[in-house]
Amino acid sequence: MTDNQAWLHQQLQTVAQHQTKFTDRAFWVALDHLAAEQAQRQDQLQGEIDGRTWRPDKW
Amino acid sequence: MQTLVLVAHPHLADSTTQQFFKASLPATGVTYESLDAQETYAVDREQAALRQADRIILQFPLYWYAAPASLARWEAAVLTRTFVYGDRRYPLADKELGVVVTTGMPAQAFRRGGLENVTIDTLMAPLAALAHRAHMTWLPTMAVHQFNYLDETQKLQLVVAYQRYLTQSAPDTLANRQAWFAARLPAMVAKLAPKDRAIGKLITATLTQQADELEALMATLAMIKEQDDD
């Protein structure tokens, strides 16, 4: 997890905890899950790009 | 998107699950109707509501592997042959039909060899056939199992899963999820306490930036794949 992602996760949790209405809290918690999903997808894409770029047979 | 939610439940007010869904309804874009609250149906009005909706959601508990009687009663009255397909005009064509079904048995029971030995998709076959006949798009069913056993975290997740099922563009991809949240973020930030509002805006900016980075990575990858194909 990058610093940016860790910061985002922490902020989203804090904002979620500040909500008194259940459905509002649900929105911020779900947004935190979306951010985690974005981070994971970013990792996977970066990994695939690295893997496909690292092609000694094409040197 | 306009969504019409038709609920079939003989004891709606006493159902904690249904009341939870009702409290979770998005503030805009959704019309909610109880099929059990009406003894007879105003067919013209019901058909007009269907014509106006982009997405129609049938919501009910599973009673002996089917929907409660009111859904069949409503279908018989409102979904006349002439209305659905008889005159070859197909007024429901291209609308989406989805089901929110609740069960007293766990998810793992609904599979071949499971306690119920039947899948939810199999049980929904008549409704999926109806969607096909009406030239509608069938949405993957949202099944909620054993609501009363859910803990608080799961219930929090269910609120948004339900809202997205009602109003998010299909299919349920990361891109569509991002767009759904992005559309709602400004209003949610505006609702925050003044001390949190600046953070809310920073969160919005960071999420947008992450989405942009993802798009850039996907473009790069697509380019590499294209070169690999050569």
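The lining of the largest pocket comprises 10 nonpolar, six polar and four charged residues. Here Ala, Val, Leu, Ile, Met, Phe, Trp, Tyr, Cys and Pro count as nonpolar, Asp, Glu, Lys and Arg as charged, and the others, Gly among them, as polar. This is a predicted model, in which local features need pLDDT of at least 70, side-chain atom pairs count only at pLDDT 80 or more, and totals for chains, interfaces and linings use all residues. Residues are numbered from 1 along each chain as its sequence is written, chains are lettered from A and ligands numbered from 1 in the order in which they are written, and side-chain values use heavy atoms, without hydrogens and water.

A pocket is an open set of points on a 1 Å grid over the protein atoms alone, where a 1.4 Å probe fits, with protein on both sides within 12 Å along at least five of seven lines; lining residues have an atom within 4 Å of a point.

Helices are DSSP runs (H or I, at least four residues), numbered from the N terminus. H8(B) gives the largest share of this pocket's lining, six residues. Domain 1 (3–172) and domain 2 (173–230) of chain B each supply at least three residues; their bounds come from an automatic or database domain assignment.

The second largest pocket holds about 250 Å³. Seven nonpolar, three polar and three charged residues line this pocket.

Technical notes
Helix = DSSP H or I, 4+ residues; strand = E, 2+ residues; numbered from the N terminus. Points joined across faces, edges and corners; volume = space filled by probe spheres on them.
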